[in-house]
Amino acid sequence: MNQMQRLAHARSVLMQAETASGLTRTEEKEGWQTPEALTPVLPSLKPGILAVTGSATVLLSIAGQASSQGAWVALLGLPWVGWGAAAEHGLDLSRTAHIPEPGPRSAEVLTALADGFDVIATGRLGLSVREQRAIAQRVRSRGASILASEWTTASSTLQVEGGGVSGCEDGIGHVKDLRFMVSSGFSRVECLWTDQGLVPAPRILQAVS
């Protein structure tokens with residue numbers, strides 16, 4: 001066996017080991033699958049920076065979907081997210097790290113996380129433009145993805161607008177679902193957050209007189 005054959009064999013053995021342990025993406029070239037409700041605006045989560053503005057629920061749902069496929073996920077700078085909320089959004093807590101307050105060294109912490117985690121969900125970290133660009137290059141080279149609620153230099157952005165709450169319209173009752181409008185460029189989709197997670201919103205047919 002020559003050098004090239006030994007290298008190919010080593011890569012094959014590594015891939016089999018990663019697949020057996022559940023540490024690889026379901027489809028390496030396609031990225032992580034996203035919640036079905038979001039596929040019109042985000043078919044897959046690929047390496048790099050994705051800004052998700054306007055809703056922590058949508059941000060965590062994307063992370064949770066990747067976690068359900070075997071991704072290791074880190075939550076950074078999201079002190080209001082508890083373990084209960086993380087589990088509710090689909091995160092496997094055995095493969096999740098939570099650093100609520102990274103402090104003034106958030107850029108260093110985020111760089112270190114990019115070396116060991118597949119998906120990192122971040123809150124407000126106060127990174128400079130220079131730090132953002134350096135970290136973006138790092139995560140792309142490592143094949144990791146950052147879901148950021150605030151990232152001014154992100155190449156891709158999901159904008160989320162709240163569309164109301166149902167279940168307590170008269171001021172009493174229990175919240176049944178939250179409605180969101182999610183857009184990316186010229187694409188838009190409406191979805192609901194329910195006890196079943198993030199689901200497509202049913203289309204409302206209007207009568208034509």
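This is a predicted model: local features need pLDDT of at least 70, side-chain atom pairs count only at pLDDT 80 or more; totals for chains, interfaces and linings use all residues.

Colleague: What does Arg 95 touch, leaving out residues up to four places away in sequence?

Modeller: Gly 70 is one of its partners, and the others are Ser 67, Ala 71, Trp 72 and Val 73, where contact means heavy atoms within 4.5 Å. A polar atom of the Arg 95 side chain also lies 3.3 Å from the backbone oxygen of Ala 71.

Colleague: Where does Arg 95 sit, and is it buried or exposed?

Modeller: Arg 95 belongs to the loop between helix H3 (83-88) and strand E5 (96-99). Its relative accessible area is 17%, so it is buried, a word that means under 20%, with over 50% being exposed and anything in between partly exposed (1.4 Å probe, protein chains only).

Colleague: Back to H2, then: how many of its 13 residues are buried?

Modeller: Ten of them are, so H2 is largely enclosed by the rest of the structure; among them are Val 58, Leu 59, Leu 60 and Ile 62.

Colleague: Which other helices pack together, and at what angle?

Modeller: H4 (residues 106-114) and H5 (residues 129-142) pack at about 10°, with axes 9 Å apart. They are therefore roughly parallel to each other, since angles under 35 degrees count as roughly parallel, over 145 as roughly antiparallel, 65 to 115 as roughly perpendicular and the rest as oblique.

Colleague: Which residues make that contact?

Modeller: H4 contributes Ala 107, Leu 110, Thr 111 and Ala 114, while H5 contributes Glu 131, Ile 135, Arg 138, Val 139 and Arg 142. Sorted by kind, the residues of this contact are five nonpolar, one polar and three charged.

Colleague: And how many helices and strands does the protein have?

Modeller: There are five helices and eleven strands, which are DSSP runs of at least four residues (H or I) and at least two (E), respectively, numbered from the N terminus. Across the 209 residues of the protein, 41% count as buried.

Conventions
Residues are numbered from 1 along each chain as its sequence is written. Side-chain values use heavy atoms; hydrogens and water are left out. Axes are lines fitted to C-alpha atoms, for helices over the stretch in contact, and angles run from 0 to 180 degrees between N-to-C directions. Ala, Val, Leu, Ile, Met, Phe, Trp, Tyr, Cys and Pro count as nonpolar, Asp, Glu, Lys and Arg as charged, and the others, Gly among them, as polar. A polar contact is a pair of N or O atoms within 3.5 Å; within protein, one must be able to donate a hydrogen and the other to accept it, and residues adjacent in sequence count only if both atoms are side-chain atoms.
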